[in-house]
Amino acid sequence: MVDNSEQPSNTATRSSAFLGVLHFLSGRYQGLEVPLIQGQHITIGRSYKADVVLLEPDISREHLRIVIANDGLIAEDLGSTNGSFVNGRKIEFAELKAGDRILIGKTVIELLTQDTAVRDINVSDAKTAFIQPTAVRRREKSMVGSIEEIPLADLLQLMSTSGKTGVLHLKTPKGCGKLNFDKGRLISASLDDNPNMAPTKSLFRILRWNSGSFELSRPEPVLPERELRATTQALLMEGMRQLDEFTGLLQRFPPLHSTLRVPAMGVELEDLEPREQQILKSVSQSSSIRDVLNHCQLTDLDILQGVEKLLLEGYLLASAV
């Protein structure tokens, strides 16, 4: 009979299994860290089947393997096209020690042992299907990075392919967003915690961001009315289509601060399509095109297309402030 009070703590278990981290010093994933756990092997390459996926043209699909054995760590080149280097020397196999630097493609990786690396790691979460760095100094923070380095379209694709679960927190000068994933499926999106903005509209706005940071944390519950029903791939394809058309439409559109108003003759709503009816109702509560974009539940592209049609047909008038 085992006395549970005598069992070692989780902290002790983590300490004995955790050997250190691979710290990314340069390249697209600079600043990320991958935990080294005793008994595991880590494959690095361009293939989505790799444990650590590096989308760089100079890196082979299966480039390098880190073997984590009881008596040490070994770097093994997997027949890569451009080779693997440890401390400037091209290798096929090499024993690794603290402070060694590995070069693959344009990425430099430093080995930090448990004496110098962060040790508060959940070993059960340490197996990486994409990049699950520990810079990520708390258990619930398992992936961080820059949107400039990993565009959001690529990031969503990787989350889907690797079957990740959790909430991507996005911080940019334009606002804060949340993307909630369940086993790789995007199940909800929100912008600035605004409960009145539809999740699809929130997602399509977020996809316009090209700067800022992201961080993956624990999953959060999603209300049924906030759940996205389409597949991640379908949402991404539609979002990129809307982004392209929205950008093109803006170039021939009145300034977004322009004031909108309904002409004195009035409008018979039943003569209009449902989209245009919804836009006109928003215009009565708003003053500018930007206000309509923010208050109407339609996507931004649908709103601009509808406003353009209403302007051309004389149902709306626009005047610059």
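**Notebook: strands and helices of a predicted model**

I began with β6 and strand β9 (residues 93–96), which pair in the antiparallel sense over four bridges. I took two strands as paired if DSSP finds at least two bridges between them. Helices (H or I, at least four residues) and strands (E, at least two) are DSSP runs, numbered from the N terminus.

Residues are numbered from 1 along each chain as its sequence is written, and side-chain values use heavy atoms, with hydrogens and water left out.

**Around β6**

I looked up one partner in β9 and found that E76 is bridged to F93. I then turned to strand β5 (residues 64–69), which pairs with β6 in the antiparallel sense over six bridges. In β6, G72 is the bridge partner of A69. I noted that β5 and β6 form a hairpin with two residues between them.

I found N82 in the loop between β6 (72–77) and β7 (84–86). For burial I used these cut-offs: buried means under 20% relative accessible area, exposed over 50%, and partly exposed in between (1.4 Å probe, protein chains only). N82 has 39% relative accessibility and so counts as partly exposed. I also noted that N82 and I59 are 23 residues apart in sequence and 7.2 Å apart in space, C-alpha to C-alpha.

**The sheet of five strands**

I traced an open sheet of five strands in the order β12-β16-β13-β14-β15, with antiparallel pairing. Its edge strands are β12 (143–146) and β15 (185–191), each of which pairs on one side only. The twist averages 15° from one strand to the next. Axes are lines fitted to C-alpha atoms, for helices over the stretch in contact, and angles run from 0 to 180 degrees between N-to-C directions.

Within this sheet, I found seven bridges joining strand β13 (residues 166–172) to strand β14 (residues 175–182). C176 in β14 is the bridge partner of K171.

**Helices**

I examined helix α4 (residues 232–250) and helix α7 (residues 300–312), whose axes come within 9 Å and cross at roughly 35°. In their contact (heavy atoms within 4.5 Å), residues of α4 including R241, F246 and L250 meet residues of α7 including D300, L304 and E308.

I next asked which residues of helix α5 (residues 274–283) are buried, and found E276, I279, L280, S282 and V283. Seen down the axis of α5, these fall within an arc of 160°, so they line one face of the helix. The arc is that of the directions from the helix axis to the C-beta atoms. I listed β17 (259–261), α6 (289–295) and α7 among what covers them.

Finally, I noted that seven of the eight residues of helix α3 (residues 199–206) are buried, so α3 is largely enclosed by the rest of the structure. Among these buried residues are P199, K201 and F204.

**Whole chain**

I recorded seven helices and 18 strands for the chain. Of its 321 residues, 45% count as buried. Among contacts between residues at least 6 apart in sequence, 59% join residues at least 24 apart.

Definitions and conventions
This is a predicted model: local features need pLDDT of at least 70, side-chain atom pairs count only at pLDDT 80 or more; totals for chains, interfaces and linings use all residues.
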